[in-house]
Amino acid sequence: MNSSVIIFPGSNCDRDMDVALKKFGFKNKMVWHDDDKLPQSDLIVLPGGFSYGDYLRCGSIAGKSKIIQSVIDFANSGGLVLGICNGFQILTETGLLKGVLQQNKNIEFICKNIFVKVNNSENKFFENIDKDVLELHIAHNEGNYFCTEDELKSLEDNNQIAAYYCSSDGKVDDKSNPNGAIKNIAGIFNEKKNILGMMPHPERMIDQSLSGEDGSIFFENLLKNLK
Amino acid sequence: MKIKVIVTLKSGVLDPQGKAIQQTLNGMGFANVKDVRQGKYFDIDIDENDEQKAKLSAEEICKKLLANQVIEDFKII
C-alpha cells in the first residue's frame, strides 16, 4: 500500500508519521506542499504541527497551498485522507470536513495521553478494530471542536462522528473532555467516510518502550482494511 | 486603495481569550467591564482606484481566507 505525507512549512509530526506508516508496511513518500501532483497513493496524510506558524487561523494558510487542490480532488474521488491534529485543522479549513477547531476552552496548550471511544467502525479506518477505547496522545492549543447546531445534527444523523474523548473505561463525560470540544468530539468523517480528521496522534503510540501501542492497533488495522 | 477589515467571532461563539482579558480587567479594578470579545484587524492595500471594485475584492478575500464563516463575521470599513 502506498501512502503520502504532505509536508508544510511548520509541520512537525511528518517524520513521526513516516516512521509509523513504514513500520506497519506502507510504502510512504513525503510530498512538499508546493508540488502540484500527488504520487500514486492509497492514503494521503496531513500531519500534525504548526503549519505557517498557525498564522491567521490554524491550518488556514496550508489549506490554500498548491498541493491542496490535488488532495481535494483525491478525496472527492473517494481516496482515503487522514488528517491528524494540524492536519484535521487543515481539512476543516479546506471545507473537506465540517466545523472548526477553536482554542482550547481553558486557554492552555494540552500535551497528554487521553482515551478515545471509537464511534463508527463502518469505514476503512476503524473497521474490525480490536479495541473500541484507544489510549492516544494529544498535543494542541486549538483542539476544541465546534460546529453549528445544524452541522452537529447532520454529523450525528450520518454517523460522521469518528471518536469521542472518554475515560479509560469508555465513559464519554465532561471530565474526560480535555479541550471543551462540543459533545467530546475528538474526530469526524466526511459523509462518505473516506476522510478522517482527528486531534489525537496515533503515530505517537506505536512503541511500547516509549509510549503505548494503541496507535499500532490503529495502523495495523488500517493496513489490513486496505489490502 | 486602502481597505480596513475587522474580523470578529460571531456572538455565542466561545472566546476564551476575551474572557481572560475581561477577568483580568475586573481584577485590575475595572469592575464595570462586563464582557470582552477579541477580534482581528487587517489593513489591506488593493491596487484599485474604484472604491466599489476594491470593496468587492475585499469581500471575496474575507470570504475565502480572512474569516472562517463558521465562527467569524467580517466588516469592511
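Select chain B to begin: of its 77 residues, 12% count as buried, where buried means that 20 or more other C-beta atoms, placed from the backbone, lie within 10 Å of a residue's own, exposed means 12 or fewer, and partly exposed lies in between. This is a predicted model, in which local features need pLDDT of at least 70 and side-chain atom pairs count only at pLDDT 80 or more, while totals for chains, interfaces and linings use all residues. Residues are numbered from 1 along each chain as its sequence is written, and chains are lettered from A and ligands numbered from 1 in the order in which they are written.

**Chain B**

With chain B still selected, colour by secondary structure. Along the principal axes, the C-alpha atoms of chain B fill a box of roughly 45 × 25 × 15 Å. The radius of gyration of chain B is 16 Å, whereas a compact globule of 77 residues would have one near 11 Å; the radius is taken over C-alpha atoms, and the globule rule is 2.2 Å times the number of residues to the power 0.38.

**The contact between the chains**

Next, display both chains. The contact takes 12 residues from chain A and eight residues from chain B, two residues being in contact if their C-beta atoms, placed from the backbone, lie within 7 Å.

**The nonpolar cores**

Now select A:I6, A:V116, A:Y164, A:A186, A:I195 and A:M198, the residues with the most contacts inside the largest nonpolar core, which has 68 residues. Such a core is a set of buried Ala, Val, Leu, Ile, Met, Phe, Trp, Tyr and Cys residues joined through C-beta atoms within 7 Å. Strand β9 (residues 161-166) of chain A gives the most to this core, with five residues. A second, separate core of five residues includes B:I3, B:A58, B:C62 and B:F74.

Centre the view on A:I195. Leaving aside neighbours within four places in sequence, its contacts include A:A75, A:V81, A:L91 and A:F189.

Why does A:I188 count as buried? A:I188 counts as buried because it has 26 C-beta neighbours inside 10 Å. Beyond four places in sequence, contacts of A:I188 include A:L97, A:L155, A:I161 and A:G197. Finally, select A:G87, which is 101 residues from A:I188 along the chain; their C-alpha atoms are separated by 12 Å.

Notes: Helix = DSSP H or I, 4+ residues; strand = E, 2+ residues; numbered from the N terminus.
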